[in-house]
Each structure stands twice: as structure tokens, then as C-alpha cells.
Amino acid sequence: MNIIKVLFDRTGNTLNVWFDDPQKEHVSEETSEEVILVKDKDGKLIGFEVLNYLSADEAKDITALHVESGVMN
């Protein structure tokens, strides 16, 4: 099972979520909601990027993301 990676880029103000190895990125597809879907060469979704994730005030002072995880039935 792959580890889900959640990364915030303060400079770009983007949140990146990876379900697979980011090195497998082959194509990106921007949606109308400031979300970019990242796919591998077979078209499988391997991650996504959220643009303008935080306001400027929130982004300048952030040192950690609080992430909740769980498994649903």
C-alpha cells in the first residue's frame, strides 16, 4: 500500500496530495475549481494540487498542517 503524501508549498500557496510516487507524473489536468489532477502515463490519478489553498495571512505563519485520517466502511 502506498503512503499518502500531503505537502503544503508556502511560496506557491498550493496543497499537494499524492496517492503514488510523484515521479510517475505524466500529465496534469486543471479543473474549473482551482484543482489540478495529476495522472500517470496510463491515465491513472496519482495525486492532485489545490491552488490558492490558504489566504496570505494564513500561509505566512503556518508551520504544520493538521491532517485527520481514518478508514470508512
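**Pocket, core and salt bridges of a predicted model**

The largest pocket has a volume of about 160 Å³, where a pocket is an open set of points on a 1 Å grid over the protein atoms alone at which a 1.4 Å probe fits, with protein on both sides within 12 Å along at least five of seven lines, and where the volume is the space filled by probe spheres set on the points, which are joined across faces, edges and corners. The model is predicted, so that local features need pLDDT of at least 70 and side-chain atom pairs count only at pLDDT 80 or more, whereas totals for chains, interfaces and linings use all residues. Residues are numbered from 1 along each chain as its sequence is written, and side-chain values use heavy atoms, with hydrogens and water left out.

The lining of the largest pocket is formed by I4, V6, V67, E68, S69 and G70, lining residues being those with an atom within 4 Å of a point. These residues divide into 3 nonpolar, 2 polar and 1 charged, with Ala, Val, Leu, Ile, Met, Phe, Trp, Tyr, Cys and Pro counted as nonpolar, Asp, Glu, Lys and Arg as charged, and the others, Gly among them, as polar.

The protein chain has 1 helix and 5 strands, assigned as DSSP runs (H or I of at least four residues for helices, E of at least two for strands) and numbered from the N terminus. From the N terminus on, the order of these elements is β-β-β-β-β-α. The C-alpha trace spans about 40 × 30 × 25 Å along its principal axes. Of the 73 residues, 25% count as buried, a term that stands for under 20% relative accessible area, with exposed meaning over 50% and partly exposed in between (1.4 Å probe, protein chains only). Among contacts (heavy atoms within 4.5 Å), those between residues 24 or more positions apart account for 37% of the contacts with a separation of 6 or more.

The largest nonpolar core has 7 residues, namely F8, L15, V17, V50, L54, A59 and I62; such a core is a set of buried Ala, Val, Leu, Ile, Met, Phe, Trp, Tyr and Cys residues joined through side-chain atoms within 4.5 Å. One of these residues, A59, is in contact with F8, R10, N13 and L54 when its neighbours within four places in sequence are left aside. In strand β1 (residues 5-9) lies L7, which is partly exposed at a relative accessible area of 47% and touches T14, L15, N16 and W18, not counting residues up to four places away in sequence.

Side chains of opposite charge can pair when their charged atoms come close. The structure holds 3 salt bridges, each defined by a side-chain nitrogen of Lys or Arg within 4 Å of a carboxyl oxygen of Asp or Glu. D20, K24 and K44 are linked in a network of salt bridges, in which the side chains of K24 and D20 meet at 3.3 Å, N to O. Within this pair K24 is partly exposed, with a relative accessible area of 42%, whereas D20 is buried at 8%. The side chains of D20 and K44 meet at 3.9 Å, N to O. D20 lies in the loop between β2 (14-18) and β3 (27-30) and K44 in the loop between β4 (35-39) and β5 (45-50), so the pair ties together parts that are 24 residues apart in sequence. The side chains of K39 and E29 also form a salt bridge (3.0 Å, N to O). This pair links distant parts of the chain, with K39 in strand β4 and E29 in strand β3, 10 residues apart.
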